[in-house]
Every structure is written in structure tokens, then in C-alpha cells.
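Okay, thanks for coming, everyone. Let me put the model up on the screen, and then I'll walk you through it chain by chain.

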Amino acid sequence: MAGSAQRIVTLGQANQGQSEPEHAKVEIDAIRKVFQTSRGEVVALHDTSLTIANNEFICVVGPSGCGKTTLLNILAGLDAPTSGEVRIDGTSIHGPSSERGVVFQQYALFPWLTVRQNVEFGLKLKSIGKGERRSIAEKYIESVGLKDFANAFPKELSGGMKQRVAIARAYAVNPQLLLLDEPFGALDAQTRTQLQVELLNTWEQEQKTCFFITHDVEEAVLLASRVVVMSARPGRIKAIVPIDLKHPRTQETRMSKPFNDLKNDIWSLVYQEYLDAKK
Amino acid sequence: MDNKPATRVGQMIDRIDGKVFLVVSFLLGLLVWQLVSMTKAGAVFAGPVDTFDAFIQEAKSGRLLEHIYASLFRVLGGFALALVIAIPVAFLMGWYRVCRMLVEPWIQFLRTIPPIAYIPLVIVAQGVGESAKITVIFVASFLVMVVSIYQGVRNVDVTLIKASRVLGAKDRDIFFHVIIPASFPFILVALRLGLSAALTTLIAAELTGAQVGLGQMIQEASLYFRMEIVILGIVMIGIIGFLLDKLLLFLERRLAGWQEVRSV
């Protein structure tokens, strides 16, 4: 752990060092979330604050029950915080909106719609005309490599293909913020690697602020501009680790020493949390 | 099914088309029927030949068609009315908690009462005409359908609703573009259950008094001990139910082929 002290910026330092990023896109301001259960109150998130810069790729890691998904739901507007607020471009959010797209672990494709109709779903709600809708959908279906499956139904697709459709669907409505809740968690290792690379490419092209939840530390280091480590009971931010590996990140990045150092450092932080959570 | 039989006979059986079995099964059924009618039970249980004769006779006179028409009119009338009302009621129950809390206990309670129990009440209220029969059939199939469509609405995957919200869907959009299509397979199941309830109730309604109809035909024939006509009536009801069910299955395959698991 000695070597990690230089690289890992703990929460306190992070706030001092970069309390006001140049273009603060998302400000998570003292969010607290308490759930009422039959066994009393459960604090899912405890005074969580985080500022995300424009076009930043944030990865959140932590043991289950650390409130990662709760935080994502609050960012999406699907859940309201007990106290505190989330501001996007300085405006606080109330309820879900197509400005904040979500990719779910279980794909959440509409099974009665074809791939194209799924991707067009959000565009239709925005009352975008048929021709434009079609060309936007086509662009994103092509970008995820599913051109030949545009008229297929979700049941005909593999898990990886379904998640590609979900990503295309989220991108198609052109959200300012993309929230991904363990999107590759249910996929096999090979497909996951492939989709990670594709997602990075898309991120580099489209320049969108991403908030990505994962269990996989290696995935977090590969994708992130900064990795947020959370701890459980109550859920809070334990550390924020900047990942200054250069882009484009490739298979070679994975082999490099800086990559593996970061991975090991973060993994030891996360592992400590797993141990604590087990107690 | 997948274990290949080792014997040559087994292999031969495996190669036979499913349709052949359907024919064989049908012929075997006829044979059993014929054998039963040749025993002592034959006094009551008219054989296939007698029944077929009765069919020709009744069909030629036009009476059979009249009965079938009357019965079908009642079944489809009551059933269609029930469907048109069950869909909005079920959606309201699934969507609004207040509606669910107020309506569901009554539906669950009434559902347990066999329609035969309230047929006399309906007849006293509405007489023995068409409207009484349609009312009874309506109530029976409505209760079955509303419960099953409501289950469908309640079972809509919450993630799909979330996914549509973050794509910009409002309540109205969610209702029309998520809830309705997602519960469509349940509506089809409800149609089949409702139709079967409608047929069951039809006969009960017609047995208690009707000028015409398959139930009435059975009732009258039994008074004169025309057992071949009784059996003819029973078989006709079976065929109608079977054909309508097949029609709905066909619709399900055409309209809800997108389902991951098909319940055929």
C-alpha cells in the first residue's frame, strides 16, 4: 500500500485539489438517501458529493450494498434523494428525462419492438419526423455493428448484441449524461472486452459525460477518467482515483505497468471494502 | 423425446409425421366410442354411426344450423362485451392503486361463485330472452378475463418502465407504448380463458330455458331419450370450442411472436 499513497487521492484531497473543475457538468451535492424497511431505516447513501466535469468518464466500484445503483437512480431521476440535490449545468434535476440516458444490466429492450424500433423509441417520443428518426437510428445501429439485425426482435439476439442495441438506443436521443449500471456484468469475458473497446471508441467520438457502475476493477481502470471507490453501510465515497492513462486505450494499455499498478491499488481498496462489508 | 430409440421399430415411429398420429389418435377415439356403445352402456351412449346419422338428419332439416347460430351469437356477444369492458377495468386496476383496492376484493369474491348460481336471478330479472343469456355469459367471462389481464398489467417488467422514462416517456406514453404491448400476451391468454368460460356458461344458461340453442337441443333430446342427438350436441360444442381456441392460438402466434417463451 506504500506506493499507492502517491497515486490515490482520497476524498478530502480530491475536494481540495479539484473542487471546481473547469466545466462542472454534474454536481452531486450532499446526497443522502434513506430507505424505510420493515427492520427500520437503512442509510443507502451518506452525504455523498461529487463533481463531474464535462465529457468525463466516471467509473464507480464498490461492494454490493454500497449505494452505487441508488446513486445512479438518483442521477437518472428515477429516485429522489432524501436530502441534497443533483445539478446538471447548474440546474437541479427533478424526475427522469431524455437528457440523462440509462443503460441497464438486463438490457431492458422492448421485446415487442425490432432493433430499429427500439432505437427509435426515444426519438418517436421527441416527435422527431420519420425520415430523420430513421437516419439517426440507422447511424447508431451501424455504429454498434448491427446493421444486418435492424429488423430482428430482441429474442433473436445474443446478450452482447442486446446490450449493443441498448447502448445505441441510449445514444440515439443524444443525452447529456450517459448512466450505465453494470452494463457488461451479465456478459461473457470475451464479449465484455469487445464491448468495452467499442464503448471507449464511441465515447471518444461522441464526447459524452459517462457515469459507469461496475464490479470489475480492470474494466473501471480501462474506461475511466476517474474511478470512484465507494464503501458500504452507509454508502459513501471512500476514494477518487484519477486515471491518467492516455487514449486511445487498447489491449496494450491493459498490459502496461501503470495500468496494472492502478488496478492493484484500486483493487486493494475495494477488497478492503469487501472484507468490511462481510463483517 | 430426444433419446433415439435403439430398435428399428422405434426409429420407424420417430420418422412418422405428427399429423399421422393425429389421424391415428382420432380413429382410436372413434373405435373406443364404438366399443363403448356396443356394451350395456350403449343404451345411453349412442355410437358414432347413430350420431353421424343424427348429424345428417339435423343438418338437412336446418335445425342444427339454427341451434349453432343461436349459441354462437350468445357466446360471441357476451364474450365480446366482456372483453371490451374487461380491458379498461383491468388496466385501471393495474395502474391506479385506489381502483385496485376498491375493485379487486369484489372481483375475487364474485369469481368464486359458479354462474349457475345466479342464472335464476338473471332469468327472473330479464326473462328467458337473449339478453338474459348474454348477461350470464358476460359476467362469467368478464370475471375470468379481468383477473388475467390485470395479472398481465401487474407483471410488466419495471425495468421496461424505467427504460421508457429515461427515454422521455410520460405516463400516457408508458401506458400506450409499454403497458399495453407488454400485457398483450396476457390479453391473449385471457381471451382463451374467457372463451372457455363463455362456452361453459352458455350451456348452463341454455339448459335452464331457451327456444333454441345447442344447450336447449341437448335438453329437449334428453326428454325424448334421443341420446344420439344429445351426443351430437355435446360433440358440436366440443368442436366449436376447439376451433375457436385454435383460432386464438393462431392469433397469438401471429401477433405475439416476439415473446421469449411461448406458452403453446
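**Two chains, two builds**

So, chain A to begin with: its radius of gyration is 19 Å, and that agrees with the value near 19 Å that a compact globule of 279 residues would have. That radius is taken over C-alpha atoms, and the globule rule is 2.2 Å times the number of residues to the power 0.38.

Quick housekeeping. This is a predicted model, so local features need pLDDT of at least 70 and side-chain atom pairs count only at pLDDT 80 or more, while totals for chains, interfaces and linings use all residues. Residues are numbered from 1 along each chain as its sequence is written, and chains are lettered from A and ligands numbered from 1 in the order in which they are written.

Back to chain A. Its C-alpha atoms fill a box of roughly 55 × 45 × 40 Å along the principal axes. Chain A has 10 helices and 11 strands; those are DSSP runs numbered from the N terminus, H or I of at least four residues for helices and E of at least two for strands. Of the 279 residues, 43% are buried, where buried is 20 or more other C-beta atoms within 10 Å of a residue's own, with C-beta atoms placed from the backbone.

What domains do we get in chain A? Domain 1 is 4-99 + 179-278, and domain 2 is 109-174; bounds like these come from an automatic or database domain assignment. The C-alpha centres of the two domains of chain A lie 27 Å apart. Where they touch, domain 1 of chain A puts in 11 residues and domain 2 of chain A puts in 10, with contact meaning C-beta atoms, placed from the backbone, within 7 Å.

As for annotation, an unreviewed UniProt entry lists residues 26-257 of chain A as "domain: ABC transporter". UniProt positions are in the numbering used here, feature names are shortened, and annotations may be inferred rather than shown by experiment. That span is 34% helix and 28% strand, and its end C-alpha atoms lie 32 Å apart.

Now look at one helix, α6 of chain A, residues 159-172. Its 14 residues reach 20 Å from first C-alpha to last, close to the 20 Å expected at 1.5 Å a residue; the expected span is 1.5 Å times one less than the number of residues. Is α6(A) mostly covered or mostly open? Mostly covered: 12 of its 14 residues are buried, including K162(A), R164(A) and R169(A). Among the elements covering those residues are α4 (115-125), α5 (130-143) and α7 (189-206) of chain A. Just after α6(A), N174(A) takes a positive phi of about 55°.

On to chain B, with 11 helices and zero strands. Its radius of gyration is 23 Å, well over the 18 Å from the globule rule for 264 residues, so chain B is more spread out than a compact globule. The C-alpha trace of chain B spans about 70 × 65 × 30 Å along its principal axes, and 34% of the 264 residues count as buried.

Last stop, where the chains meet. Here 14 residues of chain B contact 21 residues of chain A. On the chain B side, α8 (158-166) and α9 (171-207) are the elements giving two or more residues, and α8(B) gives the most, with six.

How values were computed. Contact = placed C-beta atoms within 7 Å.
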